[in-house]
Amino acid sequence: MIKADVIIIGGGAAGFFTAINAAEKNPEQKIILLERGKDVLTKVKISGGGRCNVTHAEFIPKELSQNYPRGEKELLGPFHTFMTGDTIEWFEKRGVELKIEEDGRMFPASNSSQTIIDCFLFETRRLGVDVLLNQSVKEIQKVDDSFLITTTSDNFSAEKIVVATGSNPKIWKLLEGLGHTIVPAVPSLFTFNIKDSRIIDLPGLSTNASVKVLDKRNKTVLENNGPLLITHWGMSGPAILKLSAWGARVLEPLKYQFKIEVNWLENISEEEVLDELKSLKYNYGKQTVLKHAQFDLPKRLWQSLIKATGISDTLTWAEATRENLQNIANQLTAGIFQVDGKSTFKEEFVTAGGVDLKEVNFKTFESKVCMNLYFAGEVLNIDAVTGGFNFQNAWTGGFIVSQNL
Ligand SMILES: Cc1cc2nc3c(=O)[nH]c(=O)nc-3n(C[C@H](O)[C@H](O)[C@H](O)COP(=O)(O)OP(=O)(O)OC[C@H]3O[C@@H](n4cnc5c(N)ncnc54)[C@H](O)[C@@H]3O)c2cc1C
């Protein structure tokens with residue numbers, strides 16, 4: 001039996017951040033980190049296309065928390081203790097400079113996730129954290145005041161344990177055994193598969209749009225806006241990814257078969273568009289409708305949408321009937337598309353689901369149902385939209401656990 005004061009299960013972002021900060025806070029504590037694989041931090045390595053999108057330049061706790069479809073309410077308090085500014089300072093103090101990209105995403109200045117891994121490995125070595133590889137945890141028992149942990153090769157015991165195993169069904173099962181409720185996992189952060197003649201020839205085209213998800217009665221169940229990217233398979237970009245994250249639980253029972261309504265002009269209403277089209281009819285009567293894109297829409301998209309209304313290629317604004325104008329306004333602001341399945345976004349598969357947040361004290365990230373059991377990272381039912389927010393959850397949770405062990 002190998003004994004420690006604290007055992008951290010999971011050698012990912014959350015596990016390492018917890019271990020380093022805990023060892024720094026209480027140098028006399030014996031801390032063991034158990035990782036099932038032969039390498040640690042494998043997700044950090046591949047994250048952000050190999051660059052690791054460490055966090056996001058959003059410095060107001062309330063606004064930061066709004067990027068978490070699951071965890072928004074619970075993370076607000078913790079963000080007042082440790083959030084993006086603290087993350088930047090933490091890495092800077094350890095010689096890792098972060099840079100901000102135009103869209104707010106933050107990466108190591110080196111543009112390499114290895115910089116983060118090197119920093120974590122250096123810190124755990126410096127602080128004497130025992131990082132043990134090939135230790136897949138099979139069993140967790142609580143006997144009196146101790147946790148007994150059985151891995152594929154050894155037995156461990158500790159008074160306090162931290163579970164930082166990410167989205168892992170086997171560990172969730174063990175946690176159920178300790179009295180926790182697990183919210184079933186469903187995919188989050190995916191793109192929509194759409195086969196439609198209006199977009200089939202436009203992969204790569206991006207424009208700002210507003211998108212609604214409709215139910216069977218054509219009622220809006222979700223709505224979001226922002227850049228929309230047309231892909232070879234359908235639609236992606238922040239507007240769609242945000243819908244997939246916020247709608248993770250709504251879209252799964254629909255088996256990813258549903259209709260969306262796209263306003264390609266984002267904030268302009270059908271009535272406003274119709275007024276503008278009428279003025280085009282009177283002021284630019286000789287112009288061909290198809291040739292001259294309006295409302296700053298990309299020309300190829302304009303032409304594709306105009307063709308979808310069925311008007312002839314040579315029709316001028318003067319010749320356009322009331323019905324033609326109405327159809328154009330409708331196509332521009334309320335085009336209906338059938339979604340038929342989903343695809344992974346840049347391999348960045350995120351799942352919604354995990355330890356029920358009601359059973360966790362977010363002042364300490366300790367379990368409310370099993371004393372001295374702590375959680376950090378994706379093992380909890382917390383997930384975010386893309387942009388560095390998922391790692392920020394791991395840093396915030398890990399830091400707060402480390403201060404309360
Ligand atoms: C391709 C990809 C790219 C991503 N890019 C970004 C990005 O740029 N920015 C961002 O914010 N988020 C990104 N994410 C999401 C981010 O990686 C996760 O939110 C984050 O890694 C969660 O950290 P974690 O420590 O909770 O879990 P993980 O990183 O999954 O770590 C859990 C660890 O626990 C170990 N483990 C599991 N079960 C056991 C067991 N039984 N015994 C022992 N060990 C066990 C695992 O092997 C693993 O090492 C990306 C995700 C993917 C898949």
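**Close-up views of the ligand site and a helix pair**

**View 1. The shell of residues around the ligand.** In this predicted model, the shell around the ligand is made up of 11 nonpolar, 14 polar and six charged residues, where Ala, Val, Leu, Ile, Met, Phe, Trp, Tyr, Cys and Pro count as nonpolar, Asp, Glu, Lys and Arg as charged, and the others, Gly among them, as polar. Helices α1 (13-25), α2 (42-50) and α13 (389-404) each supply at least two residues of this shell, and α2 gives the largest share, with four residues; helices here are DSSP runs (H or I, at least four residues), numbered from the N terminus.

View 2. A polar backbone atom of A14 is 2.9 Å from an oxygen atom of the ligand, while a backbone N or O atom of V137 lies 3.0 Å from a ligand nitrogen atom. For N390, a backbone N or O atom lies 3.4 Å from an oxygen atom of the ligand. The ligand taken alone exposes 1000 Å², of which the protein buries 94% (Shrake-Rupley method, 1.4 Å probe).

**View 3. Helices α4 and α13.** Helix α4 (residues 72-81) packs against α13 at an angle of about 70°, with the two axes 10 Å apart; the axes are lines fitted to C-alpha atoms over the stretch in contact, and angles run from 0 to 180 degrees between N-to-C directions. That angle makes α4 roughly perpendicular to α13, a term used for 65 to 115 degrees.

**Notes.** Residues are numbered from 1 along each chain as its sequence is written, and side-chain values use heavy atoms, with hydrogens and water left out. As the model is predicted, local features need pLDDT of at least 70 and side-chain atom pairs count only at pLDDT 80 or more, whereas totals for chains, interfaces and linings use all residues.

Notes: Polar contact = N/O pair within 3.5 Å; in protein donor to acceptor, adjacent residues only side chain to side chain. Parallel < 35°, antiparallel > 145°, perpendicular 65-115°, else oblique.
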